[in-house]
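I opened the model to look up a few side-chain and helix details. My entries follow.

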Amino acid sequence: MNKQADSQSAGWISGFIGVLIFSGSLPATRLAVLQIDPVFLTVLRATIAGLLGGALLLAFREKLPTPSELISLALVSGGVVVGFPLFTALALQYVTSAHAIVFIGLLPLSTAIFAVLRGDSNPSWRFWMFSLAGSAAVAFFALAKDQSGGEFSLYGNVMMLLSIIVCGYGYAEGARLSRTIGGWQVICWALVLALPVMLVLAVALRPDNFAGIEAPAWLGVGYVSLFSMLIGFFFWYHGLALGGAAGVGQLQLLRPFFGLALAAFVLGEPVSIAMMAVACVVVMCVAGAKRYI
């Protein structure tokens with residue numbers, strides 16, 4: 001019993017570290033896309049992380065995945081290696097990172113929905129009540145003017161919603177797979193699967209001149225490549241494997257608060273009381289939904 005409790009505690013600690021790392025993803029992406037094309041950023045970060053992930057798999061002599069595991073890994077890759085980075089990078093050309101971070105509050109809900117669709121759980125009607133309430137809060141926020149004073153961007157909000165959908169699926173699939181092949185191995189194999197295409201695209205889409213890209217943008221590239229795309233997933237999938245996706249996954253509820261703080265202090269973006277209120281509503285709704293899973 002103590003051994004099980006210790007394992008769950010270790011899972012929560014590992015998951016919490018992962019969430020802290022992920023919280024810097026949107027501000028770092030915002031820094032990068034101010035001077036770097038979002039599609040090039042997507043393939044560049046995946047290429048860098050894929051090369052590092054492949055090196056780790058070779059160094060530890062990991063065995064090749066089975067055909068069924070490869071299919072699951074391809075789905076994880078499509079969600080968290082390609083889909084989420086691409087859609088958020090596209091969105092952040094039109095919305096601030098503080099605006100986008102509020103959408104991140106829906107990640108636990110998105111992950112839970114895909115777990116339900118896969119038959120992993122059967123929540124009560126109360127779960128869906130809280131889920132719809134949280135979704136309505138985000139929709140209301142998205143339909144209003146950006147709190148920084150900008151106009152409503154349909155394109156930016158749609159891209160953020162798509163990012164949440166594909167990322168939720170990638171988390172749910174990765175959590176299931178991490179029980180059999182290990183946490184860090186999941187993200188490394190997912191990155192390696194995408195590497196051939198990402199590498200070719202990175203070379204093809206590279207800008208003619210890198211001289212105009214300043215240090216803050218390169219720092220953003222470095223963060224999303226090394227931490228958001230690789231190291232964060234080591235802790236995250238390890239935490240999901242030890243503590244369970246349903247419990248540890250709820251730590252993503254803390255991500256909007258950490259992210260909003262980073263957006264304010266690192267980027268100097270305005271974070272209004274209204275924006276914080278929406279983030280709080282989303283957190284409460286998803287927490288309520290989790291109670292009735």
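I began with T47, which sits in helix 3 (residues 38-59); helices are DSSP runs of H or I with at least four residues, numbered from the N terminus. The model is predicted, so I kept local features at pLDDT of at least 70 and side-chain atom pairs at pLDDT 80 or more, while totals for chains, interfaces and linings use all residues. Residues are numbered from 1 along each chain as its sequence is written, and side-chain values use heavy atoms, with hydrogens and water left out.

T47 is buried at 5% relative accessibility (buried is under 20% relative accessible area, exposed over 50%, partly exposed in between; 1.4 Å probe, protein chains only). I found its side chain 3.1 Å from the backbone oxygen of M198. Beyond its neighbours within four places in sequence, T47 contacts L195, M198, L199 and A202 (heavy atoms within 4.5 Å).

Next I searched the whole structure for salt bridges and got 1 (a side-chain nitrogen of Lys or Arg within 4 Å of a carboxyl oxygen of Asp or Glu). The salt bridge joins the side chains of E173 and R176 at 2.8 Å, N to O. Where do E173 and R176 lie relative to each other in helix 8? They are 3 residues apart in helix 8 (residues 154-181), about one helical turn. An α-helix has 3.6 residues a turn, so residues three or four places apart point the same way. E173 is buried at 2% relative accessible area, whereas R176 is partly exposed at 28%.

Last, I noted a bend of about 40 degrees at G83 in helix 4, with the proline P85 following within four residues (the bend is the angle between axes fitted to the seven residues ending there and the seven starting there).

Methods: Helix = DSSP H or I, 4+ residues; strand = E, 2+ residues; numbered from the N terminus. Polar contact = N/O pair within 3.5 Å; in protein donor to acceptor, adjacent residues only side chain to side chain.
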